[in-house]
Amino acid sequence: MPIKDILVHVGTSPACADRLALAANLARRYDAYLIGAGAPESPTAEDSFRTMLRSAGVVGEWRGIIGLPESFVARQARGADLVILGQHDPDEPTGLDAPEDVILACGRPVLVVPHAKLFEQVGAAVLIGWNGSREATRAVHDALPLMEMAATVTVLSVNPEPGDEWGTDDVVQHLARHGLIVRAETFEPEALADADALRSRAVHIGADLIVMGAYGRSRLREMILGGMTQDVLENVTVPVLMAH
């Protein structure tokens, strides 16, 4: 289904303007309703959002955060097709410092935008971090609207164990039936952690969007994969769409 409503967190950090520009471009691209959520005691954030709506010609509304930002945004996300958050920046607090909490709680796809580089659009060159899990499968499905105009989609399996049945061929064929140009790659770096390998490959192919599952830390499997989730969120330089 197409994206019809987008929720974006609005803060006062310098990177927020770039995040708002991307949110506005995506709202125009999908003719989507844009909801801004920010601290009610920050009139600058609300003014910036309303100014952006007018200048971009986008329809939307402002919602002042009540309580913990992560909890509020996760609740509001249940009525949105896509959530856009900023990457945590220790030097410039965003007002929402734990995007992973929103990702794990909201049940919606979350696009985390890096603070170090401007991305006016996403989805031209897509890298999927694939491990055959439920979370990765959910992320691929949720990313379909963002991939519809992709020139290339790469399904990357990092360090697969011998004999693992990850269903890579199935997901490649599934995406091809959606009209996408897809290729599968296996990457087995000897000296890189999985998150480093994913970032390295994203830079190598010029990706403007990474798609991957997100994992918590409650069980042994998720503790291992959750470390990768946190690593990607902290260090990624490309927008990443995560689903849990």
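How many residue pairs are in polar contact across the interface of domain 1 and domain 2? The rule finds eight, with both residues of each pair at pLDDT 80 or more. This is a predicted model.

**The two domains**

The domain assignment of the protein chain gives two parts: domain 1 covers 5–113, and domain 2 covers 125–242. They touch. On one side, 14 residues of domain 1 take part, and they are in contact with 20 residues of domain 2.

| Feature between domain 1 and domain 2 | Value |
|---|---|
| Buried area | about 1400 Å² |
| Share of that area from carbon and sulfur atoms | 60% |
| Residue pairs in polar contact | eight |
| Salt bridges | zero |

Which elements give two or more residues to the side of domain 1 that touches domain 2? They are helix 1 (15–30), helix 4 (99–106) and strand 5 (110–113). By residue type, that side of domain 1 holds nine nonpolar, two polar and three charged residues.

**An aromatic pair**

A search of the whole structure turns up one aromatic pair. Its members are Phe49 and Trp62. Their ring centres are 5.8 Å apart, and the planes make an angle of 50°. The pair counts as tilted.

Why does this pair tie together parts that are apart in sequence? Phe49 lies in helix 2 (residues 43–56) and Trp62 lies in strand 3 (residues 60–64), so the pair links parts 13 residues apart in sequence.

How values were computed. Residues numbered from 1 in each chain as written. Predicted model: local features only at pLDDT ≥ 70, side-chain atom pairs only at ≥ 80, totals over all residues. Heavy atoms only, no water. Domains from an automatic or database assignment. Contact = heavy atoms within 4.5 Å. Buried area = accessible area lost by both parts, 1.4 Å probe. Salt bridge = Lys/Arg side-chain N within 4 Å of Asp/Glu carboxyl O. Polar contact = N/O pair within 3.5 Å; in protein donor to acceptor, adjacent residues only side chain to side chain. Helix = DSSP H or I, 4+ residues; strand = E, 2+ residues; numbered from the N terminus. Nonpolar A, V, L, I, M, F, W, Y, C, P; charged D, E, K, R; others polar. Phe/Tyr/Trp six-rings, centres within 6.5 Å; stacked < 30°, edge-to-face > 60°.
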